[in-house]
Amino acid sequence: MILAETSINRPVFTTMMISAILVFGIIAYNGLGIDLFPNVDFPVVTVTCEYRGASPETMETKVVEKIEEELSTLGGLEELRSVSAENIAQVYATFVLEKNVDIAAQDVRDKISAIRRNLPEAMENPVVEKLDVGAIPILTVTISGQMPPAKLSRYIKDVVKTQIQTVEGVGSIKEIGLREREIKVWINNDRLNAYHLTIAEVVAALKAKNLEVPGGKIENDRSEFVVKTMGELTDIEAFNRMTISTVNGAAVRLGDIAKVEDSIKDERIVGFLNGKTAMALQVRKQSGENTVKVAHGVKERIKELQANAPEGIKLTIPQDNSPFIEESIHSVSFDLLFGAFLTTIIILIFLRSFTSTIISAIAIPTSIIGCFVIMRALNFTLNNLSTLGLSLAVGIVIDDAIVVIENIFRHLEMGKTAFQASFDATDEIGLAVMATTFSIVAVFVPVAMMSGIVGRFLYQFGITVTVTVLLSLFVSFTLTPMLASRFLHHSVKTNFIFRFIGFFLDSLDSLYRSLLKGALRFPLIVVCIGIAVVLGTVQITKMLGVEFKPKQDMHTFDVNFQTPPGTSLTESKRVLKLVENSLIPISSETQNLFSTIAGDAFEDPTKGKVFVDLVDKRERKRTQDEIMDQVRGLVQAVPGLYKLAVEEHDDVAGSGGMSNRPVQYALLGPDFDELTNISEKLVSWMKQTPGLVDVDTSLEPGQPELRIFLSRDRMESLGVNLSQLANTVNLLVSGEQAIGQFKDRGKQYDIKVRLDKSFREYPEDVQNLWVRTNDGRNLISLSNVANVKKESGPGKINHLNRSRQITVASNIEGNMSQGEAMEKVRIEAEKLIKTGYQGKFMGFSKEMITSIKNLLFALFIAIVLIYMLLASQFEHFIHPLTIMMALPMSAIGAVSALYLTGMRISILSLIGIIMLMGLVTKNGILLVEFINQCRRKGMEKEEAILTAGPIRMRPILMTSAATIGGMIPIAISTGAGAEIRSPMAICVIGGMLTSTLLTLIVVPVVYSLVDSLIVKLGFGKK
């Protein structure tokens, strides 16, 4: 082998080459970012439309349907979802994964711009954004103190927010609970009517008499002056003195018909920290930035702000993602180092040589550090998945070096010199080592290239393992034989422990030879045992549940609740206090409670959330899941709740407009009433089904409405303009529209006009509003041209692909698996769904189905690639199947290990099973390839098997033990994020234990049977 020969003959060159890999790897490592997940671009674009005063039905018909019609023509569009609520609507356009999200976002902007003129003029311009997982909130800062709300809000906005915004890597910052200064004009309706004035005339006067108009410049030879007409009002008294109109020669001033108040904005989003009112800033990072680095920068800035803050002002961080990320990366790094240590000890036990062990173990740091270069070049980060890939690779990267060093050692025992033994052994084993390495590559490349959203996350995982394994192959053909040729010598073991281990291994060789000889005599019995193992695997698999991902203890969860439709913000705050009080029994296990009302995208005053920050799991006796079960029971007893859900905190799902509940089933059909009927029956059944909790539906009854039904004939005869009437109602009742700005000390504050509260308490008050006729002579009461009726409509209207839909969702408790829950819901839903209607899984339910299908397809591709690789190596179509017979045998260990540890089949455990396919193939290749070598030297088939088996048993046991040793720390880890990593390691450990034993017995027997069959059929030589 040229590579090995060159490395042996040129040791300095080899040393410098490996040193270069290490140097650039260390440099690359320092430039890697740290994050929880890979930075992934999802081709999802959101369109947010704000239309103050509009009902959900108005948003649906006048805004959403027009946008959906336009967007439905876009190329590559996969799914179109929308939610229409009061004042606001959101449309989610999901494109195929191949679509560039930046191009998709621009296409959506172009379409929205084209139809803007067809949307309501009073509506804010739609905001188009791409869903950016890399820019989810990283921490929340609360600011509280004994300061007036307006002053505190200005301090937060001008000082705290401004300072945080300057931290490198910080993106947008969402304000929660800020109430800035606002000038409010409270209209007295009786006085307005007494002076025969309309609100339109009041607003027009306010706009006309509160202006600063530039007047140009005055210039001469020596100087110039800027001219301004200073027509702005300068204080509250100036508002009161402002003339609105003249009635019978007397001036009517604003103070005559209204009360002007220097006040603060109405409460819309309310925040609380540990039961006390607090304003907050939710900080997002820029896409692609290092989460931990940005969070550290923000926290350092907060320390500076706290040191210089006004007396009594306290800045707190109740929500921070960075500690969990750091703990998770630290945990997996420890697993990596501990796995490397265990692997090295295992190799020492087998080789009984410190020199051989060190030469083999060098492959671990070299391969992993070298991988950092590729990770940096591909813009990877150190995240849960890439570091998991490195941890899993620890037990694999040493395999090639083990096989090479073991074969060199065997040649040394033949009496060869170190130089000759290193060259001959590497040349002899080279093809087998390459084949075993590429068998690993063959299973991880399909995982890296897997389609679907989960495939995007697994890309870094698959590529990391692939690159690391390929680097280990390079090291085993260069550094390993070079070091062996200089430092490895055959010596008699004088150490008692080493001599005992040698005696044990020799005895194991003899025992294995005897077992193998017996197995070759009774091949049918061995085959039957193999078939029984496969059938047993199928039975155990049926007993395992299926889930998308294991439950993870992130020491945080959410208590989401909703009060009945129409509940005021004040009443929702009262219920929130009760919810917080109900959590007192878990106070010893919590660090902070951060609560909000109306903190969702729709600013719904009936919706509240309590973010529960638990102490570290090492400091409590119960798991997060157990605490959540208790909290669910505690909060359910709170009076005044309409809906309740206790679930894992997930910013990614929330940013995409999705629920993170494991069971989500969407009902679609032409008639909304029938959909409602089906959903109510399904919800009723789910609430009675054990294991399904927090059952909810996207159908939300709206708050009571006052609908103004116009008499168009009377309006025409009296000369009343519809637009003017609607604008009058909007201005006086809503008061949301800012009709001007008040400037004070360089700052501008909104001026808003609204009816005084005493004139808008009861439905009848709406009929007392007056509007001027078109000729300007008379005022007409609303009661003369319209009827006001109490009605109600939907609180939210959901669309899926332009069809109305209702989604039923639930969480799971107890021993019920996600797959079992979904299957039960599907069966019951199909009983209820009539012809013309359909149901489909959404959210995490849909992703579970899609991801498992994609992983099974990746498994199929991996098996095909393994067969093609083996067929190419052995130049045979049949013999590769003998090696692949061990693949199903490995599954028994994997599923048994999952069953014994109480785990379920998930995307993580499936990756472990796929990984097993490559590892099992490695063992088979080592065995069969050497059997063929022995036969080429003239040995009979059985003699070749009995010769090759014991010789290859040790490297097979060594590589299997090394792999298991590298996986043990991951399997038993209790650190942050361990729940996600351990299923994969447990699958590999269980599979390696059974497959190693079965490979050593079953593969030689099947090889013998297949070879005999080939000879009988005339396709081979005896």
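## Reading labels in a predicted model

Leaving out residues up to four places away in sequence, Leu458 touches Leu385, Val447, Ala448, Met450, Leu855 and Ile911. The model is predicted.

User: Why is Leu458 called buried?

Analyst: Its relative accessible area is 4%. Buried means under 20%. Leu458 therefore counts as buried. Leu458 sits in helix H16, residues 453–477.

User: What makes Leu458 stand out in the largest nonpolar core?

Analyst: That core has 177 residues, and Leu458 and Phe461 touch the most other members. Helix H30, residues 907–936, gives the largest share of this core, 18 residues. A second, separate core has 41 residues, among them Ala205, Leu254, Phe742 and Ala786.

User: Why would nonpolar side chains be found buried together?

Analyst: In soluble globular proteins, such side chains tend to be buried together.

User: How far apart are the C-alpha atoms of Leu458 and Gly389?

Analyst: They are separated by 9.7 Å, and the two residues are 69 apart along the chain.

User: Is Thr142 buried or exposed, and how do you know?

Analyst: Thr142 has a relative accessible area of 1%. The limit for buried is under 20%, so Thr142 is buried. Thr142 belongs to strand E6, residues 137–144. Beyond its neighbours within four places in sequence, its contacts include Leu273, Met279, Lys314 and Phe594.

User: Why is the pair Arg754 and Asp266 called a salt bridge?

Analyst: The N to O distance is 3.9 Å. A salt bridge needs a side-chain nitrogen of Lys or Arg within 4 Å of a carboxyl oxygen of Asp or Glu. The pair therefore qualifies.

User: What does the pair of Arg754 and Asp266 tie together?

Analyst: Arg754 lies in strand E27, residues 747–755, and Asp266 in the loop between E13 and E14, so the pair ties together parts 488 residues apart in sequence.

User: Why are Arg754 and Asp266 called partly exposed?

Analyst: Arg754 has 22% relative accessibility, and Asp266 has a relative accessible area of 39%.

User: What makes Glu648 and Lys549 a salt bridge?

Analyst: Their side chains meet at 3.5 Å, N to O. The cut-off is within 4 Å, so the pair counts as a salt bridge. Glu648 lies in strand E22 and Lys549 in the loop between helix H19 and strand E19, so the pair ties together parts 99 residues apart in sequence. Glu648 is partly exposed at 23%, and Lys549 is partly exposed at 28%.

User: Where do Glu267 and Arg179 lie?

Analyst: Glu267 is in the loop between strand E13 and strand E14, and Arg179 is in the loop between strand E7 and strand E8. The pair is 88 residues apart and links distant parts of the chain. Glu267 forms a salt bridge with Arg179, with the closest N and O atoms 4.0 Å apart.

User: How many salt bridges are found in the whole structure?

Analyst: The search finds 50. Arg154, Lys157, Asp158, Lys161, Glu175, Glu180 and Lys747 are linked in a network of salt bridges.

User: What share of the protein's residues is buried?

Analyst: Buried residues make up 55% of the 1022 residues. The protein has 32 helices and 32 strands. Among contacts between residues at least 6 apart in sequence, 80% join residues at least 24 apart.

How values were computed: Residues numbered from 1 in each chain as written. Predicted model: local features only at pLDDT ≥ 70, side-chain atom pairs only at ≥ 80, totals over all residues. Heavy atoms only, no water. Helix = DSSP H or I, 4+ residues; strand = E, 2+ residues; numbered from the N terminus. Buried < 20%, exposed > 50% of the residue type's maximum accessible area, 1.4 Å probe, protein only. Contact = heavy atoms within 4.5 Å. Core = buried A, V, L, I, M, F, W, Y, C linked by side-chain atoms within 4.5 Å.
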